[in-house]
Amino acid sequence: MANNAEHGSKAYLFSIVLVAVLGGLLFGYDTAVISGAEKGLQAFFMSASDFTYTDFWHGFTSSSALIGCIIGSAISGLLASNWGRKKSLIFAGVMFFVSAWGSMYPETMILPQGEANITLLVVFNIYRVIGGVGVGLASAVCPMYIGEIAPSSIRGMLVSWNQFAIIFGQLVVYFVNFYILGDHVAPAIESVGEGINKIVNGPEAAWAIETGWRYMFGSEMVPAGLFAILICFVPETPRYLASIGADAKAESILARINGASKAKTILSEIKETMTVKTEPIMTYGLLCIFVGIMLSVFQQAVGINAVLYFAPRIYGAMGFENPMILTVFNGIVNLGFTCVAIFTVEKLGRKPLLITGSLGMALGALGVACTFGTEYQLLCMISLMLYSASFMFSWGPICWVLIAEVFPNTIRGAAVAIAVAFQWIFNWIVSTSFVPMANSLGYWFTYGLYGVICIIAAIFVWKLVPETKGMTLEDMTKLWKSKK
């Protein structure tokens, strides 16, 4: 106990972070659950008699959660600044749970059970938007929470665990969806033109159409409920407590993490940068906000979601007979390379990883552009995996690390909200543009464009992004004041 009082408790810190990264796992789970459920969902609503469920409706329904993501990230700063980081995460957990229940059972004892119609479609999409609000909140507040509670010497590593949890959540739901479907047959759907489709194997796929997709969405209630309960038992961040004048509580938490003597020093540094709770967003200059926004923009503009969301389609278009096997293998590779960032971010720094990852992504993307549709099928596949793996040790986790730590304390809530909102906007742009761009202009153009953007991203990091390795959050105030 004396040692804990002097040096703090790593076990206490890691237990807090473990609970917080469940928000990242839910982020990944919620965004990927649609991949296994979308065919059954499409076939279910195709049976509606009061409207025609076209490709447009299915595209909107499959991506409606992104609307909530933009809303959730946009309000995250307001909630984090006024409610605190902890209460904001509790609210996100509740949104996840409500969405999982409502997406599984959108009739909710009001509408006729199992009867597809336009009203049920609207209600279903409302529940998906609610889940998106939870994702948007978690995507902004989880890294912020971890960044504000972690010691500066291991902050980058701990925030990187959030990205690991996101990828792990996506991998988990792939296996959950596979287990739920079991021996049942997924619906096979063929186009009859003008955005209208027909079900080829209706009787064989009846269970997947009526029930399977419901269980897939409902499975999220388990991690969502666990997160909403456990987050109630973690402390508020010392930075937020100091901002509302709760110095005794802030010092107590800092002491449990860093040790009693160091806690006083850290609290003193926090108070020096917090003469007021919040300041105008442009207090530290346009460059500060621009760097945060462009980190988010580049994380999406490099095109990674074209792989994460459409990997089976891409591997199938390459000519591989079992694209799902390659998709799962790619997911395992992604998880492994995320660990590279976790264990090197404090040694190598943020900028070297981002620049190296950008160049690796550029090489992979340009490799895909040059070999797609040629006899070099294997090289094309390796290039795509290089592209994906390079993202996972760089832009995937490191972007979240920088967004969580690069802004001064007094503008962090609002600045993170703006940056993450841009991230979800560009997520939507990349996700919705990939298929039509690849179909109309070709994979060579699409991945060539991503490759060029990766090179621009490397130059941006080299020229404008500050290295924050080893710096305290309070140092950010001095950093940006010196650049004004």
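Modeller: Ala, Val, Leu, Ile, Met, Phe, Trp, Tyr, Cys and Pro count as nonpolar, Asp, Glu, Lys and Arg as charged, and the others, Gly among them, as polar. On that scheme, the lining of the second largest cavity has six nonpolar, five polar and no charged residues. This is a predicted model, in which local features need pLDDT of at least 70 and side-chain atom pairs pLDDT 80 or more, while totals for chains, interfaces and linings use all residues. Residues are numbered from 1 along each chain as its sequence is written, and side-chain values use heavy atoms, with hydrogens and water left out.

Biologist: How many cavities of 30 Å³ or more does the structure hold?

Modeller: A cavity is a set of points on a 1 Å grid over the protein atoms alone where a 1.4 Å probe fits but cannot get out, and its lining residues have an atom within 4 Å of a point. Grid points are joined across faces, edges and corners, and the volume is the space filled by probe spheres set on the points. The structure holds two cavities of 30 Å³ or more. The largest cavity contains about 180 Å³ of space. Its lining has 17 residues, and Phe27, Gln300, Asn305, Leu308 and Asn427 are the closest to its centre.

Biologist: Which elements give two or more residues to the lining of the largest cavity?

Modeller: Helices (H or I, at least four residues) and strands (E, at least two) are DSSP runs, numbered from the N terminus. Those giving two or more residues here are α2 (10-45), α7 (155-181), α13 (286-301), α14 (305-308) and α20 (412-441). The largest share, four residues, is supplied by α7. By class, this lining has nine nonpolar, eight polar and no charged residues.

Biologist: What lines the second largest cavity?

Modeller: The volume of the second largest cavity is about 120 Å³. Among its lining residues are Ile167, Tyr174, Leu308, Thr327 and Asn334. Two or more residues come from each of α7, α14 and α16 (323-348).

Biologist: Which residues of helix α12 are buried?

Modeller: Buried means under 20% relative accessible area, exposed over 50%, and partly exposed in between (1.4 Å probe, protein chains only). In α12, the buried residues are Ala263, Ile266, Leu267 and Ile270. They fall within an arc of 100° seen down the axis, so they line one face of the helix; the arc is that of the directions from the helix axis to the C-beta atoms. On the other side of α12, Ser261, Lys264 and Glu272 are exposed. Its buried residues pack against α10 (238-243) and α11 (247-258), where contact means heavy atoms within 4.5 Å.

Biologist: Where do the buried residues of α22 pack?

Modeller: Helix α22 (residues 475-483) has Met476, Thr477, Leu479 and Trp480 as its buried residues. These cover an arc of only 165° around the axis, which puts them on the same side of α22. They pack against α7, α13 and α19 (395-405). On the other side of α22, Lys478, Lys481 and Ser482 are exposed.

Biologist: Is Gly23 buried or exposed?

Modeller: Gly23, found in helix α2, is buried, with a relative accessible area of 0%. Leaving aside neighbours within four places in sequence, Gly23 is in contact with Ala138, Cys142 and Phe227. Gly23 and Ser139 lie 116 residues apart in sequence, and 7.8 Å apart in space, C-alpha to C-alpha.

Key
On a 1 Å grid over the protein atoms alone, a cavity is a set of points where a 1.4 Å probe fits but cannot get out, and a pocket is an open set with protein on both sides within 12 Å along at least five of seven lines; lining residues have an atom within 4 Å of a point.
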